[in-house]
Every structure is written in C-alpha cells, then in structure tokens.
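Please keep the sequence and the structure in view while reading.

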Amino acid sequence: SRGLGDVYKRQPNDRGAYIYLDGSYTGDGQFDIDTLSGWGAPNFQGAVVNSYTEKDVVLNAVDGVMTFTGNKAGDAGGAVYNAPLALNGNGSMTLNGKSVFNGNEAGRGGAVYNEGTLTFNGDAEFSGNIATGSGEWYGGGAILNVDGNISVAEGAELSFTGNTSNSYGGAVYNGTYQNNANGTIDFTKAASVTFSNNHAGANYSGGGIMNENGAVKLGNGVKFENNTAGAGGGAIMSTTGVANETGTATPVATVEIGTGAQFLNNEAGSGGAIHNQRGTLTIGENALFQGNTAKTYAGGAIYSETISGYPAAKVTIKNGARFIGNKSETSHGGAIFQYIAKDASLNSVLDVQGATFEGNIAAKTGGAISNWGGEGTVTGTFKNNEAGTYGGAIYHDKYETIGFPYLTINGGTTFENN
C-alpha cells in the first residue's frame, strides 16, 4: 500500500484529504509523497490525516523532496494532521527526506498539527503558512503541537520564514493540555534552525514560538530575526499556566537554548526577543541579543515575571552573552526586565554569568537591567547604556515584596559611561 495513486487525478474523499487514516486502517503505513496541493476541507483537516490509528506512518519523499503547498483545512493541520493514540504510546509519523511546506492554511496549525510522535528525518522548510483561528489553543502558523513530541534527525536544517498566526505562535505553538502529557519540541540535533519574519496576532504572543506548559529545546546556533508579536515575546513566549482540561497545575514551561544563539531585531509589546512568564529559561554561552524592542512595556530583549500561585520564573544566561542596542521604548529594562508580583510566594531569579551590555536604552528605569522585586546575580560589562529616569546600567528595587531581595553584582563587573 505505497501511495494512493496520482495526486492530480485522485478525487477527494469526504474529508478532503489525499491520505485519510483512521482506526479501521490495516495497511503498512508507508506512503510516497511528491507534491500535495489544494487538499483539505472546510470543517476538517488537510492533505494527510492520521487520526486515532495505532500505526507508525511513514511519508517518503519522492526523489528526496516532498512538497505541501496551498492545502487548506478549516479545522487543524492544513498539510499534515497527526493525532494517533498518542497517550497510549501507540502510533507515530515520520517524514523521510526533505519536507517543504509553503502557503498552507488551517484554523490551527497552518501546516502541521500534532498530538503524537512526529519526526522530521531530513531538512524542513516552512514558509508563508497561516493559522487563521483565534483564542486559546489556536495558533501555530506553521506547527501546532499539543501534548505531542516533535523531533528532527541529526544534521537536519530547519527554517521558518514568513509564517503568520492570527493568535499565538507565528511559526510554532507548543503546549501541554492533558495532565499526563508534556508537549515537547526538540530541535537539538539540527545543524541549523532559523526563524525569520514570523508574526503572531496583534493581541497575542510568541512571534516565533509560543510555549505553554511545554518543553522547547533548541540546539546550537539557532537564529531568530525580525519576528513580531503584539503582546509578549517577539521571538519566544514561554508561560506556565493552568490546563484547560481539569483546571489543575501543569508542567512548568521550559526553554533550553544552546550556544551561539542569535536574537536580532525582534519586536513585541513586552520582551522584544523573549517573554518568560513563570517558566524556566536557560540560554547557552555566547548568545547575541541585538536590536530587539519592547514597544509598549518592558524588557527590550528579555522579560521575566512571577505571580502568585505559580512557579517562580528563572532565567540563566551563560557566559559570553552580548546585549547590544536593545530598547524598551516606553518602559523599563532596555535589555532585561525582571518582576515579581507583591503577593507571589516564590521569587523570580536572574543569573547572568558573564555578559556585555552596550548601548541599551530604557524610557524609564534600568538602561540595561531593571529588577523589580526579584533576586539574582550579575557578572558583566556595562557600557553606554541609558535610562530615562533611574539606573543607567542597573535599577534594583524591592517593589512590593516582603523583605528586600538581593541582587548581587559579582567581582570583575565594570561600568562605563552609563
């Protein structure tokens, strides 16, 4: 059962899919794909649908490349919808060869919707895909991953360019919904990963990636450039919230970024590059944050906050990071803003292990770093940073917390012309 015939001649089934698999499917799960264009249905999914099977489905690229273009689904997964019996540990999908997703559309997961195990065994390009829906658990211009696991093969090259969501996650939305799951995206084996010119909705977050209660792992050399979000996180928004399924606590949102990451000219309301909301963020050595902007609130490059009833926000920035020319246009923290609400029982923690802050600007406090009630340690070089009110380099205030949190400036830290 390899393939289902000529894509240009086969008539759509009632679901509008080229391949539609459900629990009644008994084949071997192997399909050869060349180009799939124009598939999908207004109320259903897109071109390839794997729904509640227990099969390990494999899509094999013909002549090394499979292309999904102009597919459209009213529901989810304009090109690929993968929702096998994932919580039973059964069923998966693998894309062998290079995958190209261009101009696909769906209410959620413009190109790909995943609830199972999905592996890209080769390069993948996502461009010009769109998620048209709005609201909670809608979004992911290129990919929406809910409770599933997405990974890539060693040495793969991934690119996300010009994808759009009317809701969360201009390119990728990763999340955990059910309490016995943990939505995970793991790109650590990739040779390169780039996110450029992706956009989240005007009142939504995560221009490149939206991570809600899930885990995102990015390898060395990842690049985010010119991504935007109307609310938080021009490149990445990571938040720990409450699961919709039962209303109980869910896993802490985590983002791990390898060495040599670049965040260039990203823009959002707060956290021009990254907004970390009650989650854990780890940034590897030699990262570059340059030209990122918070348009309406704080954190030109990074915004991190803790509020009552949720886990503490933790940010670790390893040695060699550079924050150059980031800006909070109307508020605090030209490069970094850390905040803790007055009724929070756990504190925000910032650990800067060795960084250069140069030419960052805040309209109000903290040209480089503004810390409102959080704790932390800072080692670095501060040069030519500027604040409109207090703290040309660093501003530290207890805000409304009980006691006085400590911000330790380690030996060897230097300040010049702030």
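## The nonpolar cores

A nonpolar core is here a set of buried Ala, Val, Leu, Ile, Met, Phe, Trp, Tyr and Cys residues that are joined through side-chain atoms within 4.5 Å. The model is a predicted one, and its largest nonpolar core holds 76 residues, of which Leu 59, Ile 257 and Phe 323 touch the most other members. The element that gives the most to this core is strand 5 (residues 56–69), with 5 residues. Apart from it lies another core, made of 14 residues, including Ala 17, Leu 144, Tyr 173 and Met 210.

Which residues does Leu 59 touch, not counting residues up to four places away in sequence? The list comprises Ile 19, Phe 31, Ile 33, Val 48, Met 66, Phe 68, Met 93, Thr 94, Leu 95 and Asn 96.

## The chain as a whole

In the predicted model the protein chain has 45 strands and 0 helices. Of its 418 residues, 55% are buried, and its accessible surface comes to about 14,900 Å², with 45% of that area belonging to carbon and sulfur atoms. Among the contacts in the chain with a separation of 6 or more, 83% are accounted for by residues 24 or more positions apart.

## Strand 4 and its partners

Strands of a sheet pair through backbone hydrogen bonds, in either a parallel or an antiparallel sense. Strand 4 (residues 48–51) pairs with strand 1 (residues 19–21) in the parallel sense over 3 bridges, and within this pairing Leu 21 stands opposite Asn 50. Strand 4 is also joined by 4 bridges to strand 7 (residues 80–83), the two running parallel, with Ala 83 of strand 7 as the bridge partner of Ser 51.

## Strands 12, 16 and 20

Strand 12 (residues 124–127) and strand 16 run parallel and are joined by 4 bridges, in which Glu 125 has Ser 159 of strand 16 as its bridge partner. Strand 16 is in turn joined to strand 20 by 5 bridges, again in a parallel arrangement, and here Ser 159 stands opposite Thr 194 of strand 20.

## Aromatic pairs

The model has a count of 27 aromatic pairs. One of them joins Tyr 81 and Tyr 113, whose ring centres are 5.1 Å apart and whose planes lie at 10°, so the pair is stacked. This pair links distant parts of the chain, since Tyr 81 belongs to strand 7 and Tyr 113 to strand 10 (residues 112–114), 32 residues apart; both Tyr 81 and Tyr 113 are buried.

A further pair is formed by Phe 160 and Phe 195, with ring centres 4.5 Å apart and planes at 5°, so this pair is stacked as well. Phe 160 lies in strand 16 (residues 157–161) and Phe 195 in strand 20 (residues 192–196), 35 residues apart, and the pair thus links distant parts of the chain. Phe 160 and Phe 195 are both buried.

## Strand 9: Ala 106 and Arg 108

Is Ala 106 buried or exposed? Ala 106, which has its place in strand 9 (residues 105–108), is buried because its relative accessible area is 0%, where buried requires under 20%. Leaving aside neighbours within four places in sequence, Ala 106 is in contact with Ala 73, Asp 75, Ala 76, Gly 77, Gly 78, Ile 130, Ala 131, Thr 132 and Gly 133. Its C-alpha atom is separated by 9.5 Å from that of Gly 140, a residue 34 positions away along the chain.

Strand 9 spans residues 105–108, and Arg 108 lies over the face of Tyr 138, at 5.9 Å from the ring centre.

Notes
Residues numbered from 1 in each chain as written. Predicted model: local features only at pLDDT ≥ 70, side-chain atom pairs only at ≥ 80, totals over all residues. Heavy atoms only, no water. Buried < 20%, exposed > 50% of the residue type's maximum accessible area, 1.4 Å probe, protein only. Contact = heavy atoms within 4.5 Å. Areas by Shrake-Rupley, 256 points an atom, 1.4 Å probe, with all protein chains shown as cover. Pairing = 2+ DSSP bridges. Phe/Tyr/Trp six-rings, centres within 6.5 Å; stacked < 30°, edge-to-face > 60°. Lys NZ or Arg CZ within 6 Å of the ring centre and 35° of its normal.
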